[in-house]
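The sequence and the structure are shown first, and the description follows.

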Amino acid sequence: MATPLPTFRYHPDPLATGSIVKSDAECEICCAVRGYRYTGPAFSQVVDEVEAVVCPWCIDDGSAAESLEATFAEPEGWDDDVRLDVIDEVCLRTPGFHSSKRPQWLDHHGDAAEYLGRHTREQLATRGPDAVQAAKEAGEGDTYVLFRCTDCSEFLAYVD
Ligand SMILES: [Zn+2]
Ligand SMILES: [Zn+2]
């Protein structure tokens with residue numbers, strides 16, 4: 001039986017968002033074929049983006065971020081009331097995502113929000129009226145990056 005994917009508190013369904021896909025490629029960190037690979041970005045100080053085959057387990061245990069000297073989300077621009085260990089968990093141990101602009105991880109109530117993926121207007125409607133309202137407040141656009149607060153369940157969005 002296949003090993004279940006690790007659970008990411010701030011990215012609950014990385015298969016649905018497309019940040020993790022099935023793959024027979026060998027992970028460059030643990031050198032194992034785990035059946036899945038990460039497709040999102042890895043940002044480094046040295047080069048803008050690192051290209052590497054990374055499995056979800058090496059993201060989960062922090063070894064991928066450490067070996068690549070990279071982050072999977074932007075460590076800058078967080079609200080002052082978000083704890084550093086939360087920012088570390090998102091940037092170093094959570095699969096990130098591609099967007100047209102530099103991806104921004106939203107926060108609410110002093111905690112990082114969970115990433116739900118990029119949504120078209122039609123896809124937003126399937127999330128219910130609160131998600132549609134959050135997108136409306138974010139402004140005009142075709143695609144929205146959608147998050148949900150893990151505390152109060154409020155939807156948060158920005159235009160991609
Ligand atoms: Zn690995
Ligand atoms: Zn909240």
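This is a predicted model: local features need pLDDT of at least 70, side-chain atom pairs count only at pLDDT 80 or more; totals for chains, interfaces and linings use all residues.

What geometry does the site of the zinc ion (ligand 2) have, given the angles among its four donor atoms? The site is tetrahedral, with angles of 103 to 124 degrees.

## The site of ligand 2

The protein supplies four donors to the zinc ion (ligand 2): ND1 of His-108, ND1 of His-109, SG of Cys-149 and SG of Cys-152. Along the chain, the donors of ligand 2 are spaced H-H-x39-C-x2-C. His-109 belongs to the loop between β5 (107-108) and β6 (111-112), and Cys-149 to the loop between β8 and β9, so this pair ties together parts that are 40 residues apart in sequence.

When neighbours within four places in sequence are set aside, the contacts of His-108 are Cys-149, Cys-152, Glu-154 and Leu-156. Cys-149 is buried, at a relative accessible area of 3%, whereas His-109 counts as exposed, at 53% relative accessibility.

## Backbone angles in the loops

Most residues other than glycine have a negative phi. His-109, in the loop between β5 and β6, has a positive phi near 55 degrees. Ser-153, which is not a glycine, has a positive phi of about 65 degrees. Ser-153 is placed in the loop between β8 and β9 and counts as partly exposed, at 45% relative accessibility.

## Two domains

The domain assignment divides the chain into domain 1 (1-98) and domain 2 (106-159). Their centres, taken over C-alpha atoms, are separated by 21 Å.

The size of an interface is often given as the accessible area lost when the parts come together. Between domain 1 and domain 2, the buried area is about 1,100 Å², and carbon and sulfur atoms give 60% of it. The contacts involve 14 residues of domain 1 and 14 residues of domain 2.

Helix α4 (84-93) has Val-86, Ile-87, Val-90 and Cys-91 as its buried residues. Around the axis they cover an arc of only 120 degrees, which puts them on the same side of α4. Among the elements that cover the buried residues of α4 are β4 (70-71) and β6.

In helix α6 (residues 129-138), the residues Ala-131, Ala-134 and Ala-135 are buried. Viewed along the axis of α6, the buried residues fall within an arc of 100 degrees, so they line one face of the helix. The buried residues of α6 pack against α5 (121-125), β8 (143-148) and β9 (155-159). Pro-129, Asp-130, Lys-136 and Glu-137 are exposed on the other side of α6. Just after this helix, Gly-139 has a positive phi of about 115 degrees.

## Two exposed loop positions

Asp-61 occupies the loop between α2 (56-60) and α3 (63-68). Asp-61 is exposed, with a relative accessible area of 53%. From Asp-61 to Thr-94, the C-alpha to C-alpha distance is 9.4 Å, while the two are 33 residues apart in sequence.

Ser-100 is found in the loop between α4 and β5. At 59% relative accessibility, Ser-100 counts as exposed. Ser-100 and Arg-148 are 48 residues apart along the chain, and 20 Å separate their C-alpha atoms.

Notes: Residues are numbered from 1 along each chain as its sequence is written. Chains are lettered from A and ligands numbered from 1 in the order in which they are written. Side-chain values use heavy atoms; hydrogens and water are left out. Buried means under 20% relative accessible area, exposed over 50%, partly exposed in between (1.4 Å probe, protein chains only). Helices (H or I, at least four residues) and strands (E, at least two) are DSSP runs, numbered from the N terminus. The arc is that of the directions from the helix axis to the C-beta atoms. Contact means heavy atoms within 4.5 Å. Domain bounds come from an automatic or database domain assignment. Buried area is the accessible area (1.4 Å probe) that two parts lose on being put together, summed over both. Donors are N, O and S atoms within 2.8 Å of the metal (3.2 Å for Na, K and Ca); water is not among the atoms, so sites may look incomplete. Four donors count as tetrahedral if all angles lie between 85 and 135 degrees; four count as square planar and six as octahedral if opposite donors are over 155 degrees apart and all others between 65 and 115; anything else is irregular.
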